[in-house]
Number of protein chains: 2
Amino acid sequence: MVGAGQLARMTHQAAIALGQSVRMLADTADDGAALVAHDVAVGDYRSLDDLRAFARGCDVVTFDHEHVPNEHIAALEADGANVAPSSSALRYAQDKQAMRERLTELGVPCPRWAPIASTEDLDAFAARVGWPLVLKATRGGYDGKGVWVVGNALDAAAVLASGTPLIAEEKVAIVRELAADVARSPFGQGAVWPVVETVQRDGICVEVIAPAPDLDDELAQQAQALALRIAHELGVTGMLAVELFQSQHGLLVNELAMRPHNSAHWTIEGSRTSQFEQHLRAVLDYPLGVTTPTAAWTVMVNLLGGPADVTPSGLDERVHHLMAHWPDVKIHLYGKQFRPGRKVGHVTALGADLATVRRRAGEAADYLMNGDVAGGSTR
Amino acid sequence: MVGAGQLARMTHQAAIALGQSVRMLADTADDGAALVAHDVAVGDYRSLDDLRAFARGCDVVTFDHEHVPNEHIAALEADGANVAPSSSALRYAQDKQAMRERLTELGVPCPRWAPIASTEDLDAFAARVGWPLVLKATRGGYDGKGVWVVGNALDAAAVLASGTPLIAEEKVAIVRELAADVARSPFGQGAVWPVVETVQRDGICVEVIAPAPDLDDELAQQAQALALRIAHELGVTGMLAVELFQSQHGLLVNELAMRPHNSAHWTIEGSRTSQFEQHLRAVLDYPLGVTTPTAAWTVMVNLLGGPADVTPSGLDERVHHLMAHWPDVKIHLYGKQFRPGRKVGHVTALGADLATVRRRAGEAADYLMNGDVAGGSTR
């Protein structure tokens with residue numbers, strides 16, 4: 001696995017049961033997955049030499065993030081390496097313009113959008129969709145980075161002036177955000193989990209509710225079918241997360257990710273097969289596992305580093321209290337240093353009553369991050 | 001963790017979520033846990049020097065097996081190491097005579113037994129309980145090793161002649177075997193799972209059914225209370241497995257283990273908190289997690305190497321078919337070479353109907369071991 005963050009860490013955890021041991025290409029020896037995996041290489045995912053040395057002897061090469069240059073992935077493939085997802089699929093998760101062009105071609109509902117090469121392009125697009133609108137860097141964005149909501153031509157010009165290749169999208173009036181997570185094997189088998197609601201704050205996912213409450217059955221099936229179809233059309237191997245806007249006029253695709261994704265962390269406890277096991281099954285060309293839910297409701301809340309520092313022993317004390325107060329809440333720590341806003345872990349609660357499950361997960365997360373349950377929560 | 005077999009392997013898996021990384025003292029670099037853990041020392045668990053070097057810098061030292069000399073554990077404690085379970089608790093899982101003496105003192109129901117130092121001792125015991133009877137090596141036995149069912153004085157004399165320190169036990173007429181698994185924290189908190197039925201073949205556990213079918217509520221509560229009481233009286237920290245005989249006259253304690261135990265592998269999927277997470281919580285002095293079952297029935301079947309060899313690629317092909325035919329069955333491979341009778345993994349199935357769950361787990365395991373579902377199964 002190229003990249004050794006929390007996704008690699010949790011993938012390694014799932015690999016152990018399958019009798020596998022995941023080799024990691026880590027940026028540093030302190031990366032979350034590097035701390036717990038046996039076979040760790042430290043190297044630069046932007047260096048083809050490092051990638052080649054790393055891929056040698058791997059049954060299959062897969063990814064913890066989208067930042068490996070697509071031409072390097074293609075070079076590995078030309079060397080004969082088994083890479084999943086392939087460079088030709090992954091480009092649609094790496095390049096937002098390529099993604100929008102392809103989805104538009106496929107007739108998949110998207111927000112109105114345009115490539116922006118000049119102020120003229122932007123003016124023309126703004127005349128069509130109005131202000132505010134959204135500018136997105138075509139490459140390298142994540143967790144709200146590389147995305148700007150701009151209210152007028154002046155603000156937009158400042159983003160344009162940076163020279164970053166951009167696309168513009170209409171700012172959709174949304175009811176909420178959803179995600180449809182699927183896995184696809186090279187053989188073409190697909191597996192789909194229930195559609196979830198993802199709650200965002202400042203462009204970062206803070207909470208995932210599975211299944212999405214009060215979601216119309218027909219819309220849910222539409223979202224699942226859409227995700228399976230995109231996986232098929234783009235030739236994805238492994239996990240595909242389709243982030244969706246639910247609007248008054250139906251579903252629109254927001255983003256794609258071709259790897260285990262935050263919107264499906266709930267599957268570790270909430271589904272008979274977790275997204276991490278499923279990703280491994282898919283990229284290793286094993287048949288996929290059942291996605292049956294293990295509870296009526298599962299809620300995952302991200303642990304985002306609070307404004308105040310916490311020492312390791314202070315954190316340990318909080319973990320102690322959390323386990324005492326919320327013995328039913330499952331904790332996942334990523335082995336990361338705390339920094340304000342940084343995803344350092346997540347918690348999961350499950351049960352029959354949504355309000356209870358949501359409250360318990362939310363309170364436990366608030367407590368762990370802030371040392372109290374009032375916290376800054378908007379839940 | 002001293003010892004790097006499958007118990008250590010699955011403990012490491014659970015540790016990842018808790019933000020921990022388990023250091024392993026492995027016999028060889030190929031041990032199951034050594035293949036997947038980051039921090040592996042290869043050394044001899046019978047060498048105090050190796051144990052001391054290993055323990056340095058560990059928050060707590062715990063065990064994958066009972067074979068570390070008790071005096072070495074006491075020496076680590078004298079050095080100031082935090083060891084869980086302690087030498088004074090662990091001796092009752094290491095020495096069957098000490099265990100029987102202590103349980104008898106506590107009034108815990110056991111098979112009739114006697115220490116055997118001579119032919120005279122044996123004759124006297126046989127006169128009391130009759131033939132056949134059971135001889136057990138006081139130390140070092142596991143999975144049917146170190147246990148002899150002997151039908152007469154001649155056969156018994158042959159075992160005695162080996163010079164192994166022994167105890168004798170009556171051969172109890174049993175209805176079935178059960179296990180009560182509990183965890184205890186240093187603080188004295190206890191957690192208990194439903195009592196399970198363990199199905200044995202040739203002295204090796206082949207199948208575990210959770211909860212034990214048709215077990216009288218009162219007997220189940222008795223077994224749980226007994227296990228919690230033993231954990232308390234012996235001062236156990238971590239997991240305690242109490243293997244029980246169910247006889248016409250009630251419950252009798254067969255064996256004790258103070259570590260994660262085969263009888264609780266089902267908890268990985270079948271309980272909100274697995275025995276591996278619970279063992280870590282206990283030895284790290286964290287509050288324990290809830291043991292709520294995730295399904296009405298959970299069945300675990302051990303993967304015991306079949307008589308015929310299987311190549312790695314042959315095994316991989318079987319895994320492929322298993323996943324296709326039994327997408328609901330969860331597989332756990334320990335990274336071990338196949339040898340006839342060796343525990344190389346286990347499978348788990350869960351659901352609402354016991355007969356279905358048992359059949360699916362049993363068939364999947366037979367198929368993986370023997371390449372067909374008829375297999376040699378007695379189920």
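1. How many bridges join strand β4 of chain A to strand β6 of chain A, and do these strands run parallel or antiparallel? In this predicted model, strand β4 (residues 133-137) and strand β6 (residues 166-170) of chain A are joined by 5 bridges and run antiparallel. Within this pairing, Leu133(A) has Glu170(A) in β6(A) as its bridge partner.

2. These two strands belong to an open sheet of 4 strands in chain A, with the order β3-β6-β4-β5 and antiparallel pairing. The edges are taken by β3 (113-116) and β5 (147-150) of chain A; each has a single partner strand, so one side of each is left without a neighbour in the sheet. On average, neighbouring strands of the sheet are turned by 25° against each other, direction ignored.

3. Helices also pack on this sheet. Helix α5 (residues 96-105) of chain A touches β3, β4 and β6 of chain A, and the direction of α5 makes about 50° with that of β6(A). Helix α7 (residues 153-161) of chain A packs on the sheet as well, touching β4, β5 and β6 of chain A. The direction of α7 makes about 155° with that of β5(A).

4. A separate point concerns the contact between the chains, to which chain B gives 30 residues and chain A gives 29 residues. On the side of chain B that touches chain A, the elements giving two or more residues are α1 (6-17), α11 (312-325) and β14 (330-333) of chain B. By class, this side of chain B consists of 16 nonpolar, 10 polar and 4 charged residues.

Definitions and conventions. Residues numbered from 1 in each chain as written. Chains lettered and ligands numbered in written order. Predicted model: local features only at pLDDT ≥ 70, side-chain atom pairs only at ≥ 80, totals over all residues. Contact = placed C-beta atoms within 7 Å. Nonpolar A, V, L, I, M, F, W, Y, C, P; charged D, E, K, R; others polar. Pairing = 2+ DSSP bridges. Axes fitted to C-alpha atoms, helices over the stretch in contact; angles between N-to-C directions.
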